[in-house]
Amino acid sequence: MKVAVHQPNYFPWLGYFAKAASADVFIFLDDVQMPQGRSYVHRTMIHAPAGGTWMSAPVRRAERQLIKDVRFAEEDWRRRHRATLFHTYRKAPFADPVMALVDAIFAFESDSLSAFNIRAVTLVADYLGLSCRFALSSAHGLTSTSDDRLIELVKAVGGDTYLSGAGGNNYQDPGKFEHAGIELRVCEYKPRPYRQFQGDGFVPGLSVLDALFNLGPDAVRLLSYGAAETSVLPA
């Protein structure tokens, strides 16, 4: 059973959903410290006429705050973000059905950043027909950190394979995973160009919403890793 673990990001990019598409269980890492400064946990990039532009949800900050405890700083941001998406993508091929999806997401009135992001990710995953099961790290009450935490989470949901992003090579110890009897599989997602209705050049790394507005459900075809998924063994 393949398990992926990631922070609950705000309308994340296609690489995030590629990991969910490859996993049997996707665990939202909601009980770790909220990143300081600008973070994908509360912002995403969309396609403006001149290229990529950031769209950020306002949040209240506190020291050593866990992601699951972060609250939105104001109430009107949903209306503003909805308006930005509408004006940006109103002429996109799948504007109507994807705006309906966006409206269903923004209708969720929780003031919790984590709860909102999790609902958004799961509704997008449903739209794309992904079959992975979603879980919360906070449901397991673990106190370990780093690789030990990941290993415990994989075991907690009955997994035997951990899907890591390419960045994990900088801090993960393959020996720990091998000792725990868990296969460490590194997945490097490389953006695959698709037709974006604004302009002629392809802008990579945008929110999944950009692909949905341009391709609709067919965006699921962009979520494969291919040969870029490899197992890592300790040196």
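Predicted model: local features only at pLDDT ≥ 70, side-chain atom pairs only at ≥ 80, totals over all residues.
**Group meeting: helices, a pocket and a cavity**

Hi everyone, let's start with helix α2, residues 77-89: 13 residues that reach 18 Å from the first C-alpha to the last, close to the 18 Å expected at 1.5 Å a residue. That expected span is 1.5 Å times one less than the number of residues.

Residues are numbered from 1 along each chain as its sequence is written, and side-chain values use heavy atoms, with hydrogens and water left out.

Back to α2. Which of its residues are buried? They are Trp 77, Arg 78, His 81, Leu 85 and Tyr 89. These residues cover an arc of only 100° around the axis, which puts them on the same side of α2. Buried here is under 20% relative accessible area, exposed is over 50%, and partly exposed is in between, with a 1.4 Å probe and protein chains only. The arc is that of the directions from the helix axis to the C-beta atoms. On the face turned away from the buried side, you'll find the exposed residues Arg 79 and His 87. The cover over the buried residues includes β3 (43-48), β4 (51-56), α3 (95-106), α4 (113-128) and α7 (208-215).

Let me zoom in on His 81, which sits in α2 and counts as buried at 4% relative accessibility. Not counting residues up to four places away in sequence, His 81 touches Tyr 10, Met 55, Ser 56, Ala 57 and Phe 106, where contact is heavy atoms within 4.5 Å. Phe 106 is 25 residues from His 81 along the chain, and their C-alpha atoms are separated by 9.1 Å.

Phe 106 brings us to α3, whose 12 residues reach 16 Å from first C-alpha to last, close to the 16 Å expected at 1.5 Å a residue. Its buried residues are Ala 95, Val 98, Met 99, Leu 101, Val 102, Ile 105 and Phe 106. They cover an arc of only 155° around the axis, which puts them on the same side of α3. What covers them includes α2, α4 and α7.

Now, how about β3? His 47 is found in that strand and counts as buried at 3% relative accessibility. Leaving aside neighbours within four places in sequence, the contacts of His 47 include Tyr 89, Val 203, Leu 206 and Asp 210.

Next, α1. Eight of the nine residues of α1 are buried, so this helix is largely enclosed by the rest of the structure. Among the buried ones are Leu 14, Phe 17 and Lys 19.

On to empty space. Rolling a probe the size of a water molecule over the atoms shows where empty space is left. The grid is 1 Å over the protein atoms alone: a cavity is a set of points where a 1.4 Å probe fits but cannot get out, a pocket is an open set with protein on both sides within 12 Å along at least five of seven lines, and lining residues have an atom within 4 Å of a point. Points are joined across faces, edges and corners, and a volume is the space filled by probe spheres set on the points.

The largest pocket has a volume of about 840 Å³. Of the 40 residues lining it, the closest to its centre are Val 5, His 6, Gln 7, Lys 19 and Tyr 171. Which element gives the most to this lining? That is α5, with four residues. The lining divides into 19 nonpolar, 16 polar and five charged residues. Here Ala, Val, Leu, Ile, Met, Phe, Trp, Tyr, Cys and Pro count as nonpolar, Asp, Glu, Lys and Arg as charged, and the others, Gly among them, as polar.

How many cavities of 30 Å³ or more are there? The count comes to one, with about 70 Å³ of space in the largest cavity. Its lining includes Trp 13, Leu 14, Val 203 and Leu 206, and divides into nine nonpolar, one polar and one charged residue.

Last stop: Thr 161 in strand β6, buried at 6% relative accessibility. Thanks, everyone!

Definitions and conventions. Helix = DSSP H or I, 4+ residues; strand = E, 2+ residues; numbered from the N terminus.
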